[in-house]
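Q: I would like to learn how to read some features of a structural model, taking one feature at a time. Could we start from the display and work through it together?

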Amino acid sequence: MNLLEIRTARLSLQVLGPESAARVARYYIDNALHLAPWEPARPPGFTSAEQCADRLRKSLDAYLAGAAVPLAMIDPDSETMIGSVNFSNIVRGVFQACHLGYAIDARHEGEGLMFEAVSAGIDYVFNHLGLHRVMANHLPENHRSAALLQRLGFEREGYAKSYLQIAGVWRDHVLNALINPAQR
């Protein structure tokens, strides 16, 4: 099932269905230690095929409902998942905004792939969905995320104390946003 595919120079960004559970599980198994400091604590069985398929069904439902654009970063040569770019909590009406989250395989850090993927995703939500604002938050010590967001044109809007539970601990976050340049 391929409901949405966005091609970039080196990637295929795809909304995946439950049939991709094994590919998603492999990504999370391979990157468990790499992602652990930046993400919520994962429950037992998180990487099982059943739980991956269930999460993919839920993210597909959110996509079909217009509440999210969950994009898997796929290497077109190997068809492996090497990261994710997720636009979630899409709110319409007078807000027209969403949250951005992203992650990449440790083996692909520093190659410019995240900039390529997030740029393409932002173009999609601004120009195809008509969103006005994309919000992205990061841990204060996550300098790679801070640099990526700055390079993408995000502006720092604030600092939230005890904002999200990351690795089982309530953590502060730097709040950033990007406004659709066509709607300024």
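Q: How many disulfides does a search of the whole structure find?
A: The general idea is that a disulfide is assigned to a pair of cysteine sulfur atoms within 2.5 Å. This is a predicted model, and in it the search of the whole structure finds zero disulfides.

Q: Is cysteine 52 buried or exposed, and is cysteine 98 buried or exposed?
A: The reading rests on relative accessible area, where a value under 20% means buried. Cysteine 52 has a relative accessible area of 1%, so this residue is buried; cysteine 98 has a value of 0% and is therefore buried.

Q: How are two packed helices described?
A: Two packed helices are described by the angle between their axes and the distance between the axes. In this model, helix H1 (residues 21-30) packs with H3 at an angle of about 110 degrees, and their axes are 8 Å apart. Because of that angle, H1 is classed as roughly perpendicular to H3.

Q: Which residues make the contact of H1 with H3, and how do they divide by class?
A: From H1 the contact takes Ala21, Val24, Ala25 and Tyr28, while H3 supplies Ala49, Cys52, Ala53, Arg55 and Leu56. Divided by class, the residues of this contact are eight nonpolar, no polar and one charged.

Q: Where is alanine 49 found, and what is its relative accessibility?
A: Alanine 49 is found in helix H3, which covers residues 49-64. Its relative accessibility is 41%, so alanine 49 counts as partly exposed. Alanine 49 and alanine 25 lie 24 residues apart along the chain, and their C-alpha atoms are separated by 6.5 Å.

Q: How would I read the pair formed by helix H4 and helix H5?
A: The axes of H4 (residues 113-127) and H5 (residues 143-152) come within 11 Å and cross at roughly 45 degrees, which means that H4 is oblique to H5. The crossing in which H4 passes H5 is right-handed. On the H4 side the contact is made by Met114, Phe115, Val118, Ser119 and Ile122, and on the H5 side by Leu148, Arg151 and Leu152. By class, this contact of H4 with H5 has six nonpolar residues, one polar residue and one charged residue.

Q: What should I keep in mind when I read a phi value?
A: Most residues other than glycine have a negative phi. Here glutamine 96, a residue other than glycine, has a positive phi near 50 degrees, and glutamine 96 is found in the loop between strand S4 (81-91) and strand S5 (97-104). Serine 162, although not a glycine, has a positive phi of about 50 degrees, and this serine is found in strand S7 (residues 155-166). With a relative accessibility of 40%, serine 162 therefore counts as partly exposed.

Q: Which residues does histidine 99 touch, not counting residues up to four places away in sequence?
A: Histidine 99 has its place in strand S5, and its relative accessible area of 23% makes this residue partly exposed. With residues up to four places away in sequence not counted, histidine 99 touches Asn86, Phe87, Ser88, Asn89, Met135, Asn137 and Tyr163. As for lysine 161, which is 62 residues from histidine 99 along the chain, the C-alpha atoms of the two are separated by 18 Å.

Terms used
Residues are numbered from 1 along each chain as its sequence is written. This is a predicted model: local features need pLDDT of at least 70, side-chain atom pairs count only at pLDDT 80 or more; totals for chains, interfaces and linings use all residues. Side-chain values use heavy atoms; hydrogens and water are left out. Buried means under 20% relative accessible area, exposed over 50%, partly exposed in between (1.4 Å probe, protein chains only). Helices (H or I, at least four residues) and strands (E, at least two) are DSSP runs, numbered from the N terminus. Axes are lines fitted to C-alpha atoms, for helices over the stretch in contact, and angles run from 0 to 180 degrees between N-to-C directions. Angles under 35 degrees count as roughly parallel, over 145 as roughly antiparallel, 65 to 115 as roughly perpendicular and the rest as oblique. A crossing is left-handed if the near helix is turned anticlockwise from the far one by less than a right angle, and right-handed if clockwise. Contact means heavy atoms within 4.5 Å. Ala, Val, Leu, Ile, Met, Phe, Trp, Tyr, Cys and Pro count as nonpolar, Asp, Glu, Lys and Arg as charged, and the others, Gly among them, as polar.
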